[in-house]
Amino acid sequence: ETRPIGAALHLASPGNMDPPKTYEMQVQVFGCISSPTICNHALIRAAQDGANEFAGAADRIQTNFYVDNYLDSFDEETEAVKLAQDITTLLDRGGFRLTKWLATSRKLLASFPLDRLGKPDLNLERDELPIEKTLGLYWDAERDSLLIKPGNPSTQLTQRLLLSAINKIYDPLGFIQPVFLKAKRILQKSQIDGLKSDDPLPRKLAERWTRW
């Protein structure tokens, strides 16, 4: 018997001799400590339940999902379209409705109804493919490039602003570390010079930061 994912709660008033009342959550409760584990288990179970019919799709679901993001790449467009449709069908059966699809392949995107795309108003014949954020990085689907945005420069440069700007840059794979190191050295120089957090940067140091 298939039961909804949720939590059971037994309540009884103090001094009341009646049997406790049992309540069950009919939907997943986000925010509970157990929620990520339950969601991941349900996703894997849905894949396993369809493994006989969609073997390739079931395998990719179990290896290419990170929380609720599915990230994959293919050598052939035809293979990508077939597996994307299989994955969607398989997970639909388990109650997981995949939406916000984005790819570098317009053929793949055209195989989905508009309400399944990340940009339902996207014209695949005319518009450029969008830039979307995935797992903290920006992905330019039109050029198949990962982007890192450092933010806008400020005219009021202080050590505090430098530290804030550096900490906002997310580069988990180290793509820009050779360039990023220059920013850290500028911050280090401001500390060596004895500047306080809200002191304006000296002109030469500010020019180095602006050029960076």
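Is Ala103 buried or exposed, and what is its relative accessible area? In this predicted model, in which local features need pLDDT of at least 70, side-chain atom pairs count only at pLDDT 80 or more, and totals for chains, interfaces and linings use all residues, residues are numbered from 1 along each chain as its sequence is written. Side-chain values use heavy atoms, with hydrogens and water left out.

Ala103 is buried, at a relative accessible area of 11% (buried means under 20%, exposed over 50% and partly exposed in between, with a 1.4 Å probe and protein chains only). The residue lies in the loop between helix 3 (77–93) and helix 4 (106–110), where helices (H or I, at least four residues) and strands (E, at least two) are DSSP runs numbered from the N terminus. When residues up to four places away in sequence are not counted, Ala103 touches Leu108, Leu109, Leu129, Trp139 and Ala141, contact being defined as heavy atoms within 4.5 Å. The C-alpha atom of Ala103 is separated by 9.2 Å from that of Ser73, and the two residues are 30 residues apart along the chain.

Two packed helices are described by the angle between their axes and the distance between the axes. The axes of helix 1 (residues 35–49) and helix 2 (residues 55–64) come within 8 Å and cross at roughly 165°; axes are lines fitted to C-alpha atoms, for helices over the stretch in contact, and angles run from 0 to 180 degrees between N-to-C directions. Helix 1 and helix 2 are therefore roughly antiparallel to each other (under 35 degrees counts as roughly parallel, over 145 as roughly antiparallel, 65 to 115 as roughly perpendicular and the rest as oblique). In this contact, Leu43, Ile44, Ala47 and Gln48 of helix 1 meet Ala58, Ile61 and Gln62 of helix 2, and the residues divide into five nonpolar, two polar and no charged (Ala, Val, Leu, Ile, Met, Phe, Trp, Tyr, Cys and Pro count as nonpolar, Asp, Glu, Lys and Arg as charged, and the others, Gly among them, as polar).

Helix 6 (residues 177–192) and helix 7 (residues 203–211) pack at an angle of about 165°, with axes 10 Å apart, and are therefore roughly antiparallel to each other. Ala183, Ile186, Lys189 and Ser190 in helix 6 meet Leu205, Arg208 and Trp209 in helix 7, a contact with four nonpolar, one polar and two charged residues.

The structure holds zero disulfides, a disulfide being a pair of cysteine sulfur atoms within 2.5 Å. The cysteine sulfur closest to that of Cys32 belongs to Cys39 and is 10 Å away, too far for a bond.
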